[in-house]
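Hello,

Here is the structure I promised to pass on. Please open it first, then read my notes below.

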Amino acid sequence: MKIKAGLGQALVRDEISVVYQPRVTPDTAVVVGYEALLRWHSGELGAVSPAEFIPVAESTDALDQITDWLLRQVVRDLSSEVLSGKQISINLSPRQFQTGNWAEMLRTTIEQHHLLPEQFCIEVTESALVEDFNATAHQLEEMQALGVEVAIDDFGTGYSSLEYLKRLPIDYLKIDRSFVRDIETDADDRVIVETIIVLAHSLGLQVVAEGVETRAQADFLQARGCDELQGYLFSAPRPLSELGLQQVKM
Ligand code: G
Ligand code: G
Ligand code: MN
Ligand code: NA
């Protein structure tokens, strides 16, 4: 209840912010893009994790308003030197494909600000496809027609049919960090990760591994041909002002 009430005021109280986590190439750790992630520092509750407040925001219209704000903030931040020429990934919750036309929102934003559509990647979880396949598929197709890229987030943790991969306009699969975490010790996780990479590449998709925390994980993923890596090994999500050129560890 407290979260729900606080969320209604969060934007006007300036308590919401955005942080960026780099996606890097496996060999030289060159930053190719950033994932934009929401942060809420509530006056009453302190820092509230998105894992806690997003599900609550989803059940009101707060999430659409906050996402709207996020998109505008990202557009402002794109004019900074550090983000220029980088692709920004934005997360949309499954339910948002039923409450808003995000393809249209992106089209208007891109036109108004003379941006390149390839500068945006939309991340959706598999559950978006399960909850309302038609609405989600339609918007993803519109996004692809615009030139915006599409990623399936947390891949392997949902219930979606592999057939969706064939039928939908997808550019990236993001391997969920639960499969990456124990790569060094768990032979099953290694096989799952290898298989996701082979599957994605066979379908012409690129692969991003999430939650990369150790050099050994990065080396394994690189050796298996994973296209991009994301995780604390390279950088935690940080505010724009703290994104430096020297932030990424090799
Ligand atoms: O950043 P962190 O690991 O705390 O995020 C936890 C969860 O919240 C992740 O699943 C992430 O995708 C989600 N999340 C963060 N920012 C956004 C956002 O802007 N929109 C949506 N829908 N989910 C987000
Ligand atoms: O579900 P999604 O992929 O959008 O979640 C992204 C979240 O994962 C970010 O909010 C971030 O805080 C978290 N995250 C990013 N890198 C790492 C990492 O290396 N390890 C762990 N445990 N979490 C991470
Ligand atoms: Mn994500
Ligand atoms: Na994820």
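**Strands, ligands and a helix pair**

Strand E2 and strand E3 (residues 46-48) are joined by three bridges and run antiparallel. Trp40 stands opposite Val48 in E3. The hairpin from E2 to E3 passes through three residues. Please keep in mind that this is a predicted model.

**More on E2**

E2 has other partners too. Strand E1 (residues 16-24) runs antiparallel to E2, with nine bridges between them. Val24 is the residue opposite Val31 in E2. The hairpin of E1 and E2 has six residues between the strands. In that hairpin, Ala29 takes a positive phi near 55 degrees.

E2 also joins E4, this time in parallel, through four bridges. Ala36 has Ile90 as its bridge partner in E4.

One residue of E2 to look at is Arg39. Leaving out residues up to four places away in sequence, Arg39 touches Ser17 and Val19. Arg39 and Glu123 are 84 residues apart in sequence. In space, their C-alpha atoms are 17 Å apart.

Strand E4 (residues 87-91) pairs with E5 in the parallel sense, over four bridges. Which residue of E5 is the bridge partner of Ile88? It is Phe120. On to the next pairing. E5 and strand E6 (residues 149-155) run parallel and are joined by five bridges. Val124 of this pair stands opposite Ile152 in E6.

How covered is E5 itself? Strand E5 (residues 120-125) is mostly covered, with six of its six residues buried. In a regular strand, side chains alternate between the two faces of the sheet. In E5, Phe120, Ile122 and Val124 point one way. Cys121, Glu123 and Thr125 point the other way. All of these residues are buried, Glu123 included.

Most residues other than glycine have a negative phi. Two residues to check here are His114 and Asp154.

His114 is not a glycine, yet has a positive phi of about 50 degrees. Its place is in the loop between H5 and E5. His114 counts as exposed because it has 6 C-beta neighbours inside 10 Å.

Asp154 has a positive phi as well, near 55 degrees. Asp154 lies in strand E6. With 19 other C-beta atoms within 10 Å, Asp154 is partly exposed.

**Helices H5 and H7**

Two packed helices are described by the angle and the distance between their axes. Helix H5 (residues 102-112) and helix H7 (residues 133-146) have axes that come within 8 Å. The axes cross at roughly 20 degrees. That makes H5 roughly parallel to H7, because angles under 35 degrees count as roughly parallel.

Which residues meet there? From H5 come Trp102, Ala103, Leu106 and Arg107. From H7 come Gln139, Glu142, Met143 and Leu146. By class, the contact of H5 with H7 has five nonpolar, one polar and two charged residues.

**The two ligands**

Ligand 1 first. The residues around ligand 1 are Leu37, Leu38, Ser49, Pro50, Ala51, Ile54, Leu70, Asn91, Leu92, Ser93 and Pro237. Which element gives the largest share of this shell? H2 does, with three residues. Strand E2 (31-42) and helix H2 (50-58) each supply at least two residues of the shell. The shell around ligand 1 divides into eight nonpolar and three polar residues, with no charged ones.

Now ligand 2. There are 13 residues around ligand 2. Of these, Leu37, Gly211, Glu213, Gly231 and Tyr232 come nearest. The shell around ligand 2 divides into four nonpolar, four polar and five charged residues. Leu37 is also among the residues around ligand 1.

Over to you.

Best wishes

Note on methods
Residues numbered from 1 in each chain as written. Chains lettered and ligands numbered in written order. Predicted model: local features only at pLDDT ≥ 70, side-chain atom pairs only at ≥ 80, totals over all residues. Buried ≥ 20, exposed ≤ 12 C-beta atoms within 10 Å, placed from the backbone. Pairing = 2+ DSSP bridges. Near = placed C-beta within 6 Å. Nonpolar A, V, L, I, M, F, W, Y, C, P; charged D, E, K, R; others polar. Axes fitted to C-alpha atoms, helices over the stretch in contact; angles between N-to-C directions. Parallel < 35°, antiparallel > 145°, perpendicular 65-115°, else oblique. Contact = placed C-beta atoms within 7 Å.
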